[in-house]
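Hi,

Here is the structure I promised to pass on.

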Amino acid sequence: MAAHRKPRQRSVGGNTARTAATIALAGAATATGFDGTGHAEPNLTPAQVKAKVDKLYQEAEVATEKYNGAKEKADAAEERLKTLRDEAARKTDKLNSARDALGSMAAAQYREGGLDPSLQLALSSDPDHYLDSAEFVDRAGTRQAASVASVREQLREIEQLRGAAHIELASLKSRQAELKRHKKTITAKLDAARRLLSQLPPEDRATDTQHASRGSNTGATRDTLTPTTGNAPAPNSRASAAVSYAYSKLGSPYVWGATGPDAFDCSGLTQAAYRSAGISLPRTTYAQIDAGRRVSRSELQPGDLVFFYSAISHVGIYIGNGQMIHAPNPTAPVRIAPIDEMPFAGATRVV
């Protein structure tokens, strides 16, 4: 037994531990290289840097859309919580008035030599327990029983509202924690992309930034471009208004989570464009794609929303002639780009 036991102890303390340490170090090195948070990677060509930067921006955009969705739900939960609290406050005021009325009645009866059991509710520290008493039900008068029943119902309504508010508060806290996680991911991806770009010499960095913008008109601004869609006019006035809005925002900076009027992320731009036309779109790309009627690429008309990547993480607004206006990423402002620069995932006609 001893001969069997000791070699195993030496193995665990020696070779196995060294192997585990080696694996851990290798894993750490791999993770560092993947997320871009370690030292500069040597011997990367500008094309390799571009590929890594584009991947980081695309991953950041996925996280941005998750952030946008979580924020939308957090805002809704916060609004529901406010509504519930306001309603509970109103019902509490109403309840206090009803109990004050019962108290006045109780005082009058007391002065006359007795306190009816139904009015003891106003003075009870535990009205629910008191109201559940069979003896109370038997002794209460019809009029006073109706008043007490109303108070009892109000008490229950308030407790239900408080319970619903507690649930909404828990939901809100969960959404806020989710927001922090997505924000951390976005920030890490964008920081990694900036570090990679900083490794390039200035001339290559400028070229790579142009590629990373995903736009053919890298120098285009709202002053140098006018709304033109060739032989494909917008199908209606609302689509036309959305396209015109997008043109008016050419040159605006990309800021993740932004919905205008001076900065945008991709879904924030399309949402703002249709909001200007009187149409409310969901906040995220993966919700916007279901906000209208799906159309094929061959059916595209100006005003259609065009979506990219399998995760539906990027969106632009089609303007005709195979081009769109979109908010690319932090390296480039809102601009015109061909729709074939990214993996096409689908299109939706909102109106």
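This is a predicted model: local features need pLDDT of at least 70, side-chain atom pairs count only at pLDDT 80 or more; totals for chains, interfaces and linings use all residues.

The part to start with is an open sheet of six strands in the order E1-E6-E2-E3-E4-E5, with antiparallel pairing. Strands here are DSSP runs of E with at least two residues, helices are runs of H or I with at least four, and both are numbered from the N terminus; two strands pair if DSSP finds at least two bridges between them. Strand E1 (293-295) and strand E5 (335-338) are at the edges with a single partner strand each, so one side of each has no neighbour in the sheet. On average, neighbouring strands are turned by 40 degrees against each other, direction ignored.

Residues are numbered from 1 along each chain as its sequence is written, and side-chain values use heavy atoms, leaving out hydrogens and water.

Back to the sheet: E4 (residues 323-326) and E5 run antiparallel and are joined by four bridges, with Met324 opposite Ala337 in E5. Helix H7 (residues 237-248) packs on the sheet, touching E3 (314-320), E4 and E5 (contact means heavy atoms within 4.5 Å). The direction of H7 makes about 110 degrees with that of E3 (axes are lines fitted to C-alpha atoms, for helices over the stretch in contact, and angles run from 0 to 180 degrees between N-to-C directions). Helix H8 (residues 266-275) packs there too, touching E2 (305-308), E3 and E4, at about 45 degrees to E3.

What holds the end of H7? Asn236 caps its N-terminal end, with a side-chain oxygen 3.1 Å from the backbone nitrogen of Arg238. Ala239, Ala242, Val243, Tyr245, Ala246 and Tyr247 of H7 are buried (under 20% relative accessible area, 1.4 Å probe, protein chains only), and the buried residues of H7 pack against H8, E3, E4 and E5.

The largest nonpolar core has 28 residues, and Tyr247, Phe264 and Ile317 are among those with the most contacts inside it (such a core is a set of buried Ala, Val, Leu, Ile, Met, Phe, Trp, Tyr and Cys residues joined through side-chain atoms within 4.5 Å). H7 gives the largest share, six residues. A second, separate core of 24 residues includes Ala88 and Leu196.

Lastly, Glu168 in helix H5 (residues 142-198) counts as buried at 14% relative accessibility.

Cheers

Terms used. Buried means under 20% relative accessible area, exposed over 50%, partly exposed in between (1.4 Å probe, protein chains only). A polar contact is a pair of N or O atoms within 3.5 Å; within protein, one must be able to donate a hydrogen and the other to accept it, and residues adjacent in sequence count only if both atoms are side-chain atoms.
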